[in-house]
Amino acid sequence: MNDPTTTRGHRTILTTGANSGIGLATALEAARRGHRSIGTVRSSKKAKVVHRAAADAGVEVETALLDVTDEEVGAAVIEEYQPDALVNNAGFSITGAIEDVTDDEARFAFETMVLAPMRLARLAAPHMRDRGWGRIVNVSSIYGRTSTPLTGWYQGCKQALEGLSDALRMELARDGIKVVLVQPGGFKTGIWEETEREVAKRAGSRFDPNYERTLSSAQLWQPIMGEPAQCAKVIIGVIDGNPRARYLVGIDAQMLGVAEKVVPTFVRDRIARLTLGL
């Protein structure tokens, strides 16, 4: 870790979950645009992945070891770097029918994707307030505004994150701090491999055939999924500009956003059930 007073570039941007997917792409994009980019990762092995990717891209990305559910370490990282912009990206897939997911699994999902980002935002806000400028970008999902079967706990996390972000946006507006939600659709990230592992854990469930359909649907979508760099450009553009409250990213996200507004609930329910054989 480094002295927060020695900044390089325009702003100090801290991105959580920076070892792969959208997080890694965001850390690299921040560095490309001349910002001081710090990516948090959970292990030294993952830090090496970030440094190798940065070297290949010809940029510099610093790393900090952080499990976002660790309150003490999270506080120390924020205090050390005092970021101008915080990108809460860390998260994971949780696939399972409501009755198949244990309390411990659900609790850990909320700890990682709801409590942790809001804690980091709470810790970073005073430093941003002192400067009269700040950006808190919470990476949500199209699932932050719609729900489908067998992924309800993941959607619950994202929808909780969105509600809290809306409140925080209004609370911090007078301090020059913008709170923004980025809602990606399907992108080529490790989350899809996580889905396969999640489904394997549910073996023996009454929903086994439906989980298989979930995997088949995901595989059909993969060829047309966007690259994480596309989402990263939106995120850093949000930090560099005067952002609005929400950004849908990806054609599928925009289509689902429209469907959510114009297609009646019973029709959407019926389509989802037919797709997954429910």
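The questions and answers below concern the sheet, the helices and the cysteines of a predicted model.

Reader: In what order do the strands of the open sheet stand?

Author: The sheet is open and holds seven strands, and their pairing is parallel. The average twist from one strand to the next is 20°. Read across the sheet, the order is 3-2-1-4-5-6-7.

Reader: How many bridges join strand 5 to strand 6?
Author: Strand 5 covers residues 134-139 and strand 6 covers residues 177-184, and the two run parallel. One of the pairs involves I136, whose bridge partner in strand 6 is V179. The number of bridges joining strand 5 to strand 6 is six.

Reader: What is the bridge partner of L181 in strand 7?
Author: Strand 6 and strand 7 also run parallel, with four bridges joining them. For L181, the bridge partner in strand 7 is R246.

Reader: Which residues make up the covered face of strand 7?
Author: In a regular strand the side chains alternate between the two faces of the sheet. In strand 7, R246 and L248 belong to the uncovered face. The covered face of strand 7 consists of Y247 and V249.

Reader: What angle does the direction of helix 4 make with that of strand 4?
Author: Helix 4 (residues 103-131) packs on the sheet, where it touches strand 4 (85-88), strand 5 and strand 6. Helix 2 (residues 44-57), for its part, lies across strand 2 (36-41) and strand 3, and runs at about 165° to strand 3. For helix 4 and strand 4, the angle between the directions is about 175°.

Reader: Are helix 1 and helix 2 parallel or oblique to each other?
Author: Two packed helices are described by the angle between their axes and the distance between the axes. The axes of helix 1 (residues 21-32) and helix 2 come within 10 Å and cross at roughly 40°. Angles under 35 degrees would count as roughly parallel, and helix 1 and helix 2 are therefore oblique.

Reader: Which residues of helix 2 make the contact with helix 1?
Author: Helix 1 passes helix 2 in a right-handed crossing. From helix 1, the contact is made by L24, L28 and R32. From helix 2, the residues are V50, A53, A54 and A57.

Reader: How many disulfides does the model have?
Author: A disulfide needs two cysteine sulfur atoms within 2.5 Å of each other. The sulfur of C231 lies 18 Å from the closest cysteine sulfur, that of C157, which is too far for a bond. C157 is accordingly in no disulfide, and the count of disulfides is zero.

Reader: Is C157 buried or exposed?
Author: A residue under 20% relative accessible area counts as buried. C231 is at 0% relative accessibility and is buried. C157 has a relative accessible area of 0% as well, and C157 is therefore buried.

Reader: How far apart in space are L115 and C157, C-alpha to C-alpha?
Author: L115 has its place in helix 4, and at 47% relative accessibility L115 counts as partly exposed. In sequence, L115 and C157 are 42 residues apart. In space, C-alpha to C-alpha, L115 and C157 are apart by 9.5 Å.

Note on methods. Residues are numbered from 1 along each chain as its sequence is written. This is a predicted model: local features need pLDDT of at least 70, side-chain atom pairs count only at pLDDT 80 or more; totals for chains, interfaces and linings use all residues. Side-chain values use heavy atoms; hydrogens and water are left out. Buried means under 20% relative accessible area, exposed over 50%, partly exposed in between (1.4 Å probe, protein chains only). Two strands pair if DSSP finds at least two bridges between them. Axes are lines fitted to C-alpha atoms, for helices over the stretch in contact, and angles run from 0 to 180 degrees between N-to-C directions. Contact means heavy atoms within 4.5 Å. Angles under 35 degrees count as roughly parallel, over 145 as roughly antiparallel, 65 to 115 as roughly perpendicular and the rest as oblique. A crossing is left-handed if the near helix is turned anticlockwise from the far one by less than a right angle, and right-handed if clockwise.
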